[in-house]
Amino acid sequence: MIEFRPVELTSAERQLRTEVIEFLKAELPLGSFIPGLGMNAAIDREFSRKLGEHGYLGMALPTLYGGHDRSAVDRFIVVEQLLRWGAPVGHHWVADRQSGPVIAKFGTEAQKQRFLPDICSGELGFCIGMSEPDSGSDLASISSKATKDGNGWVLEGRKIWTTSAHEHDWIIVLCRTTRRDDVDDKRQGLSQLIVDLKAPGVQATPIPFIDGTADFCEVVFDNVFVPDDLVLGEIGQGWTQNTSELAYERGGPDRWLSSYLLLEELLRDEASAGTDVPTALLDLVGDAVANYWVLHHLSLSVARAIDQGGAPAIESSLVKEMGTRFEQDAVTAVLAYLDEAPNTSDRSTLGRLLITAALTQPSFTIRGGTNEVLRSVAAKGLRPSGVTR
Amino acid sequence: MSAADPLLVETVERLLANVCTFDEIEHAEPEGWSAATWTALADAGFPLVGIDEATGGSGGTIFDAAAILSAIGRFAAPVPVAETALTGGWLLARAGLALPDGPVTVVDDQSSITLVGDRLQFDTTVAWARHAERIAVLATANGSTTVVSLRSDQVTVTPGSNLAGEARDRVVCNLALRQAETNIVDITSSSLVERGALSRVVMAAGALGAVAQMTVDYTNQRHQFGKPVATFQAVQLHLITAAQSAVRAQMAADIAVRALAMGDASFEIAAARVIVDDAITLGTRAAHQAHGAMGVTREYPLHHFTRRLWAWRHEWGTTRDWRRRVGERSIAVGPDNLFAFAAD
């Protein structure tokens, strides 16, 4: 059944948290950079490299490949502080969260040696190659396909909603390697390929996003040759591998912290105004802080469960589903409290963040698996007890 | 030691499953409590778990006491265990006053109590008063606090009940202190109110867990359109909401109990009250919607839990006050320290 055990951080874990905070204060002092909203924060290769130097990337990956053999909780502690700071995590985010771990889990020795050290040093940026124009929540219905050709595969198809494909280096593509007609179940015959985004035949085109930014891309693969040594895991096992990859995407602090800085900046503004605290602000902050408090503990509990060998897929789906809704509620609450139209002429930190948050908040409950899909995943874990009182 | 004794939990659950049945809860309502459940629990010493043996309690940790209260919530047991273990009995024990064999209750509304000279006065609603052997009062005057242990013949009790039919009686007191057992203690009224609020948090989390499970069970048994209603996505939304409400409340309760075990839990208890109140609104609404008409009948047990949840949320302070307390504390630490404060 569903289980969330409260976590008590060890003194080493508390120490790590203190170190990360000190690192951020030194490297990114308040006012020295434009903070971002959670994982949507800016791409800054230099900052990613610094994180790598400090051992804050690939934390749970093996030391043999440049990682640090640390735990999911250690990684949680680091990313929670990075996100809460609005640090520019865009370059390494996907590589550190999921591409590195899946390569470590399913990759060949050669692939681990080739990719993991550069992921851990913050050099490489990865993309997620899952969604397609006609396949979103029904992911197994994808039509991108790879055909065997000599010592490799020829990939054809298109991926969509791919963050920063025009900036990043590699993409892990889920594609069909056995024709749909030749398998009983659509989840069979799928494979994952590690594809060089600079390879001939790969074309990444930005799709202008709702806030006018252009990080979102469509990626077209036109007869792209992928050598055998870039097949990730086993041919035909793509669905299972991909499902395991999704587990890394869900339940972490990136799923409830996206709008946190609005609250902090609002309080900074209100404090400098120096007036008495209105009760409406007490209500807003009381609600928000209670929710950050409990989401932090629930999300941390998922990380500890992973370290203890559990597979908290249901728990992480529940956390992501409610965490992302809370992210939206927090935006709504701050906008309602201020009760004035956001305007682009406001270049204050709060003003900038508000505009981005107001425009991009619908994506919080969509990216990384829609809340509808998460609910159906979680519902499978809600089993009858067989005993009613 | 940061967990309850598993054997204790198992024993309490077995006892409640046997005694505190659907019929017993129904029959308890006109009386305002279940005497049979109280007797069974008291015979085993459970209502005094968490109070030191040296002061007349049963021993055990705050984690043990919370585990018993969680079971009280999970079984909708109409008994004054929270008041005896965590608040009223705790006050008597801390003051070195005798703990009676029977139930202890406590005056929760601190603003209703006046102590002028030797005269103690209050007129307020007190949980379980008509069944309590002692009513504990924490009275503050001239900077010192006094615990008073009142007998039922020293007050006037008019029966009343909460939404769940649990005794919530009007108690009027106008008494010279020299006529009562008293002792001066070093306890603040806020520490008493926090313990009271925590008791409701823990009980509500237990009840929300039962509600969530009951909703899953019912929707898997109930067939419409030829299949269990739990297989409909529209219904699954309710199951998810009920489950999320239960896990949020339980985590809030667990962290708040742990904080109290370590010392100052004023922030955690206030935050937990905010979370639990929201969880009660969302969880009970989702559970009732998923149950359809069956859930609003007396013959089906959902109301034993939902009515209690709707009643408990109003006890030991209002949600508005607890929320503002969280807001005040959070604003006071300053924006730079806000996150460390919220997510520690």
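Of the 344 residues of chain B, 56% count as buried, where buried denotes 20 or more other C-beta atoms within 10 Å of a residue's own, exposed denotes 12 or fewer, partly exposed lies in between, and C-beta atoms are placed from the backbone. The model is a predicted one, in which local features need pLDDT of at least 70 and side-chain atom pairs count only at pLDDT 80 or more, while totals for chains, interfaces and linings use all residues. Residues are numbered from 1 along each chain as its sequence is written, and chains are lettered from A and ligands numbered from 1 in the order in which they are written.

I continue with chain B. Chain B has 11 helices and 10 strands; helices (H or I, at least four residues) and strands (E, at least two) are DSSP runs, numbered from the N terminus. The C-alpha atoms of chain B fill a box of roughly 70 × 55 × 35 Å along the principal axes.

Which residues have the most contacts inside the largest nonpolar core? Among them are A:Leu193, B:Ile135, B:Val201 and B:Ala204, and the core has 230 residues. Such a core is a set of buried Ala, Val, Leu, Ile, Met, Phe, Trp, Tyr and Cys residues joined through C-beta atoms within 7 Å. Its largest share, 17 residues, comes from H6(B). Leaving aside neighbours within four places in sequence, B:Ala204 is in contact with B:Gly73, B:Ala249, B:Val276, B:Ile280, B:Leu309 and B:Trp312; contact requires C-beta atoms, placed from the backbone, within 7 Å.

Let us turn to the two chains together. In chain B, 38 residues are in contact with 39 residues of chain A. H7(B) gives the most to the side of chain B that touches chain A, with 15 residues. By class, that side has 22 nonpolar, 9 polar and 7 charged residues. Here Ala, Val, Leu, Ile, Met, Phe, Trp, Tyr, Cys and Pro count as nonpolar, Asp, Glu, Lys and Arg as charged, and the others, Gly among them, as polar.

Finally, I consider helix H1 of chain A, residues 11-27. Which residues of H1(A) are buried? They are A:Leu16, A:Arg17 and A:Val20. These residues cover an arc of only 100° around the axis, which puts them on the same side of H1(A); the arc is that of the directions from the helix axis to the C-beta atoms. The buried residues of H1(A) pack against helix H3 (72-85) of chain A. On the other side of H1(A), the exposed residues include A:Ser11, A:Glu22 and A:Lys25.

Key: Two residues are in contact if their C-beta atoms, placed from the backbone, lie within 7 Å.
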